[in-house]
Structures are given as C-alpha cells and as structure tokens.
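Biologist: I would like a close look at one part of this model, the charged pairs and what surrounds them. Please take me through it in one connected answer.

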Amino acid sequence: MLRVALVANVRTPPYGNNLNPLVRAFSSVADARVFVPTDDPSFTPTGGAAPARVPPSAVAAMASFAPHVVVCLGGGLVIPPESRSRLPGKPLLVGIALSDPQALPTSLQVAPAFDLFFTQDCGSLAGYREHGVEALYLPLAADPEVFAPPVAARKSWDVLYVGKWTPYRDALLSAVAEFATVRVLAYRGEVRWRVPVGPQVDDERTLAEEINRARLVLDPTRVELHPDPAWDAHRITPRALMAAACGVPPLVEERCPLDGLLTPGEEVVTFDGTPAGLARVIQRLLKDPERLRQIGLAARRRVEREHTWIARARRVLAQVIELRPAFARLRPSEGGAPPA
C-alpha cells in the first residue's frame, strides 16, 4: 500500500474538527500515519499567519515510517529542505492549504517547498498564478458518516452559527435574534457577542449534534479584517458542507463563489450580505418547513454523491501517482491502517 505521512495539528481545538475528517479519509485509502507538530513543545503553531516549520522530532518519526508521500494539512506547515533530506527514499511532498484567502500570503511562501500544492479556495488560484506558483484546486468536503441526519430530528433553534466573532457576523446574528431563536457557539474566551452564546465545541460528534438541532446553519463567507479596506473576498468554510451533510440547509452570501459545490436555491440558501436581507430570507423559510426539508435532503444527497473527503483524498493520490508513476503499483486501496 501507499504509505502516507499526514502532518496535521489535529489536537488543537476546535480546528481538529476540520482536520480529522481528511485524516480519516486518507487513512481509508492508504497506509496513513499522523504526525502532530504540536506534540513537540518547541513547536509554535501560527494558524496559517506565517510559515510553521515542522519540528525535527516529527521528521525523525516520519523517517522511521519511510513514507512514499508526506501531506501537510493546513496551518502553514512546511518541511524545511534540510529536514526533507533526512527522509528516506525522497518522498513526494504535498501541501494542502485550508485557510485561503486569509492565509494566501503564507501559502505563497510555503508552496514552492512542495511537489504538489492544493488550495481549498478557487478564488485564490489567480493569486497563485500571479506569483508564478502552481497550485491545484481541492474543494472542501464533509464526512457524511459523522455528519449525518439523526433518525429522529429534534429542532431546538432556528439558526446556528459556529465560529469567530467579527463585527459583520455580530450584526447578522443580532438582526436574526430579533425574531428567531439563535444558537451561537463561540470561540473560548470571546465576550464581544451581543447575543447569548454557547461554549466552544471541540469534537466533531458534538458539533454534528448541534447542527442537527438547527433549522438553518449560517456560514458567513465574507473575508474580513484584512488590512486593505478595498480588498473584498468571500469563501465557503467547512461548516457549510458539514451542515449539508447533516441535511440542514446552509446559508451563505450570494457573492460566495460556490464553484459548483452546491446549487443556490436547491441545496444552499443565499442572502444579499446585509442583516436586513438575511432576516427576510430566514423569515420566509421559517414559514415553509417543507421547503427547508427539501433543501436539506438535496444538500445531503449532493454531499454523498460528490463531496466526501474520501473522494478528495483519492483525487490527491491520483495526482501523486500522475506525478510519480512508479507509485502506480501502490494504488490506494479500499481499506487502510488506522491513524497512529
């Protein structure tokens, strides 16, 4: 089997919720093992804000595994050239950016160190080209086994939002809270919300349970807090796909580049990017529960059909084999070793 070393900070909550599904996917199609940089006390994660060199201890552990492929998952992780030389057999290095366009400056710095580099944001591809960096698009996905509809749906609130505080998101949720029940799962220690908030969710199954108790999941896609006020971008996040996998309609702005992931009006709900516009859309949908149910069902079917992390892992390994034909004899399998 193809041996794949996965470098990922899966033990950093709540970001493990985004990384663990991809780790499981690779483990299902290859002999995959996880190496966690934060296990080394000398490593300081950057959250993608700057390159984060994989510590020598993790590289030494990888060397004993002798991987054919090393995949760095998000966080600006990069293996320095001097460390790469210590890996036996010259494994192929693959980088997957999971926070573009916010982390695009960091991605542009680390991408040249990889043989293959993927971005989850189709809108960032032009930025890579402008800087002479070759990058491939790897759309976000979901794990439809963990994020799945319950046998019996029990709705507790109208709208769920999970994530960071920003002035824009606060304005959206405050407008919705005027007429609907809102559930906000805040980041730990955040006190700026004007609406009541619940605790940070650090594990996927609890997150799936929270999603399934909502009628709609709001996933604001406007990228904020950029130093250039003229810079305006939107990008979808994993939470929209998690909601879709649960059969709960996700809500995103009309300007969000969905790139064929979900069809507006059929598998995802869109609004004009204003608090008033969001309120109008939600008020209309809450009066039509059958419409909500149909959108959720269609979203779930779309994820199962096209947007699973296993399908994404296979796509990455197909690109690996195309670049290194000798690996064709080590084709991905239906099963794989569990992550260490």
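This is a predicted model: local features need pLDDT of at least 70, side-chain atom pairs count only at pLDDT 80 or more; totals for chains, interfaces and linings use all residues.

Biologist: How many salt bridges does a search of the whole structure find?

Modeller: A search of the whole structure finds 17 salt bridges, a salt bridge being a side-chain nitrogen of Lys or Arg within 4 Å of a carboxyl oxygen of Asp or Glu. Residues are numbered from 1 along each chain as its sequence is written, and side-chain values use heavy atoms, with hydrogens and water left out.

One of the salt bridges joins the side chains of Arg183 and Glu210, at 2.9 Å from N to O. Arg183 belongs to strand β10 (residues 182-185) and Glu210 to helix α7 (residues 204-212), so this pair ties together parts that are 27 residues apart in sequence; helices (H or I, at least four residues) and strands (E, at least two) are DSSP runs, numbered from the N terminus. Glu210 has a relative accessible area of 10% and is therefore buried, where buried means under 20% relative accessible area, exposed over 50%, and partly exposed in between, with a 1.4 Å probe and protein chains only.

Another salt bridge is formed by the side chains of Glu267 and Arg302, at 2.7 Å from N to O. Because Glu267 sits in the loop between β12 (250-253) and β13 (269-271) whereas Arg302 is in helix α10, the pair ties together parts that are 35 residues apart in sequence. Glu267 and Arg302 are both buried, and they take part in a network of salt bridges that also links Arg305 and Glu306.

Helix α10 covers residues 289-306 and includes Arg293, whose salt bridge with Glu290 has its closest N and O atoms 2.9 Å apart. Both partners lie in helix α10, three residues apart, which is about one turn of the helix. Glu290, at 39% relative accessibility, counts as partly exposed, and Arg293, at 44%, counts as partly exposed too. Arg293 also has Gly247 at 7.9 Å in space, C-alpha to C-alpha, although the two are 46 residues apart in sequence.
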